[in-house]
Amino acid sequence: MDAQAASGSNTAISALDFLAITVVSMMWGATNPFLRKGAQHSDANSSVECRWKIMKPLMDLKNLVMNWRFFVPFALNQSASVLFVVLLAHMPLTVVVPCVNALTFVFTAVVGQLVGEEKIRPETLLGTALIVAGIALTLVS
C-alpha cells in the first residue's frame, strides 16, 4: 500500500470498489434481522440443564451451531467480515469503515421491515436519507 492510500488522502474509489462496499453492507444488514430471529428461536429451545455450570456456555454454543436459523445467517455475516478485512487492505480506511457501517444500518432497516420486525418510520427514512447524503459527501470529497 502506498503512502497516499495509507493516509486516506485519496478517497476516489471505482464502481467495483463501491459494489464491494455495498455487498458487505448488504450481507451484514440482511443477516442482522435473521440473527436476532435465530437467537430468539435458540433461546426458546435451550432448556437443557447441565450438571456442571462450566458446561453451560459450551452447551449454548452447541445449540447455536445446531440451530440452522442462527448458523446460516451467522456464516454469511462472518463471510462478509472476511470481505470487509480484504476491503480494508485495499482501500482507504476513511472510506470503507464509514460507508460500510452506514449502509449496514440502511439494509438492516429495510430487511427488518421485510421480515416483519418493525415498520419503517418517517424518522428512519430521514435517517436513511442523511446516511446516503453523508456517504455521497464522503465519496466526493
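**Starting from methionine 66**

So, methionine 66 sits in helix 3. Keep in mind that this is a predicted model. Is that methionine buried or exposed? Methionine 66 counts as exposed, because its relative accessible area is 62%, and the cut-off for exposed is over 50%.

A nonpolar patch on the surface is formed by Trp52, Ile54, Met55, Leu58, Leu61, Val65, Met66, Phe71 and Phe74, and together they have about 950 Å² of accessible area. Two elements give two or more residues to that patch: helix 3, which is 56-66, and helix 4. Helix 3 has the largest share, with four residues.

Okay, zooming out. Of the 141 residues, 27% are buried.

Now the inside. Which residues of the largest nonpolar core touch the most other members? That core has 16 residues, and the answer is Ile21, Val24, Leu87 and Val100. Helix 2 (15-44), helix 4 (68-90) and helix 5 (93-114) each give two or more residues to this core, and helix 5 gives the most, with seven.

Take Val24: leaving out residues up to four places away in sequence, it touches Ala80, Leu83, Phe84, Leu87 and Val100. And for the whole protein, among contacts between residues at least 6 apart in sequence, 79% join residues at least 24 apart.

Technical notes. Residues numbered from 1 in each chain as written. Predicted model: local features only at pLDDT ≥ 70, side-chain atom pairs only at ≥ 80, totals over all residues. Heavy atoms only, no water. Buried < 20%, exposed > 50% of the residue type's maximum accessible area, 1.4 Å probe, protein only. Contact = heavy atoms within 4.5 Å. Core = buried A, V, L, I, M, F, W, Y, C linked by side-chain atoms within 4.5 Å. Patch = residues over 30% accessible without salt bridge, like charges linked within 9 Å, V, L, I, M, F, W, Y side chains within 5 Å. Areas by Shrake-Rupley, 256 points an atom, 1.4 Å probe, with all protein chains shown as cover. Salt bridge = Lys/Arg side-chain N within 4 Å of Asp/Glu carboxyl O.
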